[in-house]
Amino acid sequence: MKYILMMNSAGKGPYQIARWPEGDIQRHIGFMRDLNQELQRSGELVGAEGLAAPDQAKLVRAGQDGKPITDGVFPETKEFLVGYWIIDVESAERAYAIAAKASAAPGPGGKPLNMPIEVRGVMSAPPPEYA
Amino acid sequence: MTSGTSPAAIEHLLRELAPQVLGRMTRRFGDFSAAEDAVQEALVSAAASWPVEGLPEEPRAWLTRVAARRMVDHVRAETARRRREQLVVSLIPPEEQLALAADESEPSPQDDALALLFMSCHPALTASSAIALTLRAVGGLTTGETARGFFVPEATMAQRISRAKQALREAGASFELPAPEDAVRRLPSVLHVLYMIFSEGYSASSGAALQRSDLAFEALRLTRLLHAQLPQAAEVVGLYALMLLTDARRTARTAADGSIIPLDRQNRALWDRSAIAHGVELVSQALSGEAPGPYAVQAAIAAVHDEAERAEDTDWPQILALYDVLLGLSPNPMAALNQAVALAMVHGPQAGLERLETLGHDPRLAQHHRLDAVRAHLLDRAGDTAAAATCYQRAAERTSSLPERDYLLLRAAHLRDRADG
């Protein structure tokens with residue numbers, strides 16, 4: 001079963017990695033790299049990406065002529081997707097266990113962040129036959 | 001070298017030879033894990049060179065030679081790495097070692113393939129590891145082909161295979177044909193792995209799903225191989241029949257755009273008549289034994305569907321009776337749902353709906369989308385269009401299959417439009 005694990009952060013939430021001391025940032029990056037390697041070694045990783053900072057983000061709509069209209073001003077309280085993993089695991093419980101692990105990534109002072117991780121099923125099952 | 005062999009024929013040959021070469025290598029060198037890697041490398045290099053240079057005179061000997069060379073390289077590298085001179089490494093060239101083997105009373109290539117199948121479906125492995133190892137070690141698929149079938153990166157699939165090997169080492173699994181009584185005991189896990197590969201592959205025939213139909217093909221091929229070795233095992237016969245009878249409908253169950261066509265609306269002219277005839281013959285054989293197992297009974301149900309010229313000719317009382325037998329053998333919530341459909345076809349939708357009420361108390365089914373999908377189907381038959389639409393909608397929200405979600409959403413919309421119109 002495939003799941004996507006989405007790590008969200010409020011614009012002014014705890015995940016303001018850029019403002020942490022160097023040692024904390026290094027520990028955090030190391031944790032994420034180890035987690036990805038662990039998932040790769042266990043044969044469960046389908047893909048993982050971290051996303052660029054939200055201040056680079058644009059909201060795009062099609063205008064009347066079909067051309068893009070961009071909008072880049074977000075309220076500071078808005079939640080953003082920071083990064084995601086797609087995993088292929090034996091059970092939902094295993095997906096939750098991995099999410100919990102990612103959630104406890106070390107933050108300032110090495111304290112676990114306990115970030116909320118949204119776990120969603122990926123529509124990848126083969127269809128059954130209908131009588 | 002003989003030229004003019006098609007790439008498809010070469011691929012077919014490689015898959016057939018893979019377990020034979022691997023069996024030989026494992027017996028000669030005693031290290032399954034390294035032998036498996038070596039054979040994989042030999043297969044990859046054959047797949048690259050044979051289409052260009054033509055088929056070697058003796059393809060199996062060619063593969064064995066290349067794999068043995070890789071194996072020796074591997075052993076030498078290991079020795080150097082560990083600086084352990086006494087590590088078992090014979091000075092006899094690998095070609096000669098393997099030539100010696102032919103004089104001994106060695107097991108047939110088919111026995112080797114069977115031993116590999118039992119090993120790859122070892123109960124110590126997780127489902128996904130067993131599937132990965134079975135397809136590569138017994139099926140002769142490359143890691144990349146297996147990875148594409150399951151839509152995961154090649155590196156991830158490679159890891160599953162090395163973890164499978166590690167789990168086998170830890171479990172002390174040995175490469176040998178299980179004794180007959182052990183074979184009987186371990187057969188269910190082998191059949192389960194083959195059936196999982198088949199179900200994953202028994203899918204649409206378009207777009208991304210195309211690769212999955214290869215998995216169904218591989219599952220059928222491996223089950224045929226198992227059946228050729230154990231023709232008397234009733235559940236092997238049953239599973240082989242079930243696959244043939246289900247796969248016979250493959251081209252009819254999906255539209256060109258990949259959407260699902262339910263059984264009662266399939267173009268039965270597209271069904272594979274010769275596969276059906278073969279399956280039916282096997283079913284009669286499996287059922288004539290003393291105690292038919294769940295696969296044989298499921299195959300019998302598939303046979304009843306396949307033998308109906310039109311959907312309305314389906315012998316539903318017989319299907320209902322077979323579900324009674326199946327549930328007596330192995331209580332299974334999905335089979336119970338299908339039985340409710342059969343019940344509705346024989347005694348009317350109300351009878352089916354009442355059965356669903358009872359089944360809804362089963363915690364494994366209460367939240368399952370199939371319960372709502374079947375309920376919707378029966379409510380529609382009972383004429384309660386609005387309630388049917390609601391149930392289809394709810395089922396659509398819970399499935400994890402994209403084609404199934406589309407099918408359920410469209411059914412719901414169709415019924416809503418009909419209610420409004």
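Reader: Let me start with one residue: is B:Asp111 buried or exposed, or something in between?

Author: Happy to begin there, with the reminder that this is a predicted model. The general idea is to count neighbours: 20 or more other C-beta atoms within 10 Å make a residue buried, and 12 or fewer make it exposed. B:Asp111 has 15 other C-beta atoms within 10 Å, so it is partly exposed. You will find B:Asp111 in helix 5 of chain B, which covers residues 109-120.

Reader: Which distance separates the C-alpha atoms of B:Asp111 and B:Gln20?

Author: Their C-alpha atoms are separated by 8.8 Å, while the two residues are 91 apart along the chain.

Reader: Now try the count on B:Asn338: is that residue buried or exposed?

Author: B:Asn338 counts as buried, because there are 20 C-beta neighbours inside 10 Å. Its place is in helix 15 of chain B. The C-alpha atom of B:Asn338 is separated by 9.7 Å from that of B:Arg370, 32 residues apart along the chain.

Reader: What does the count give for chain B as a whole?

Author: Chain B has 421 residues, and 44% of them are buried. As for its make-up, there are 20 helices and 0 strands. The C-alpha trace spans about 80 × 45 × 40 Å along its principal axes. If you take contacts between residues at least 6 apart in sequence, 61% of them join residues at least 24 apart.

Reader: How many residues does helix 3 of chain B have, and what length does it reach?

Author: Here one compares the end-to-end reach with the value expected at 1.5 Å a residue. Helix 3 of chain B (residues 59-82) has 24 residues and reaches 35 Å from its first C-alpha to its last, close to the expected 34 Å. Its buried residues include B:Trp62, B:Leu63, B:Val66 and B:Met71.

Reader: What describes two packed helices?

Author: Two numbers do it: the angle between the axes and the distance between them. For helix 15 (residues 333-347) and helix 16 (residues 349-359) of chain B, the axes come within 6 Å and cross at roughly 155°. That angle makes helix 15 of chain B roughly antiparallel to helix 16 of chain B, and their crossing is right-handed. Among the residues in contact are B:Leu337, B:Val341 and B:Leu343 of helix 15, along with B:Leu356 and B:Leu359 of helix 16. The contact divides into 10 nonpolar, 2 polar and 1 charged residues.

Reader: At what angle do helix 12 and helix 13 of chain B pack?

Author: Helix 12 (residues 273-288) and helix 13 (residues 294-307) of chain B pack at about 140°, with their axes 9 Å apart. Angles over 145 degrees count as roughly antiparallel, and helix 12 of chain B and helix 13 of chain B are therefore oblique to each other. Their crossing is left-handed. Helix 12 brings residues including B:Ile276, B:Val280 and B:Val283, and helix 13 brings residues including B:Ala296, B:Ala299 and B:Asp306. This contact divides into 9 nonpolar, 1 polar and 2 charged residues.

Reader: Last one: how many residues does each chain bring to the contact between chain A and chain B?

Author: An interface is often sized by the accessible area lost when the parts come together. Here we can count residues instead: 28 from chain B and 18 from chain A. On the side of chain B, the elements giving two or more residues are helix 6, helix 8, helix 9 and helix 20. Helix 8 of chain B gives the most, with 5 residues. The side of chain B that touches chain A divides into 12 nonpolar, 8 polar and 8 charged residues.

Conventions
Residues are numbered from 1 along each chain as its sequence is written. Chains are lettered from A and ligands numbered from 1 in the order in which they are written. This is a predicted model: local features need pLDDT of at least 70, side-chain atom pairs count only at pLDDT 80 or more; totals for chains, interfaces and linings use all residues. Axes are lines fitted to C-alpha atoms, for helices over the stretch in contact, and angles run from 0 to 180 degrees between N-to-C directions. Helices (H or I, at least four residues) and strands (E, at least two) are DSSP runs, numbered from the N terminus. Angles under 35 degrees count as roughly parallel, over 145 as roughly antiparallel, 65 to 115 as roughly perpendicular and the rest as oblique. A crossing is left-handed if the near helix is turned anticlockwise from the far one by less than a right angle, and right-handed if clockwise. Two residues are in contact if their C-beta atoms, placed from the backbone, lie within 7 Å. Ala, Val, Leu, Ile, Met, Phe, Trp, Tyr, Cys and Pro count as nonpolar, Asp, Glu, Lys and Arg as charged, and the others, Gly among them, as polar. The expected span of a helix is 1.5 Å times one less than its number of residues.
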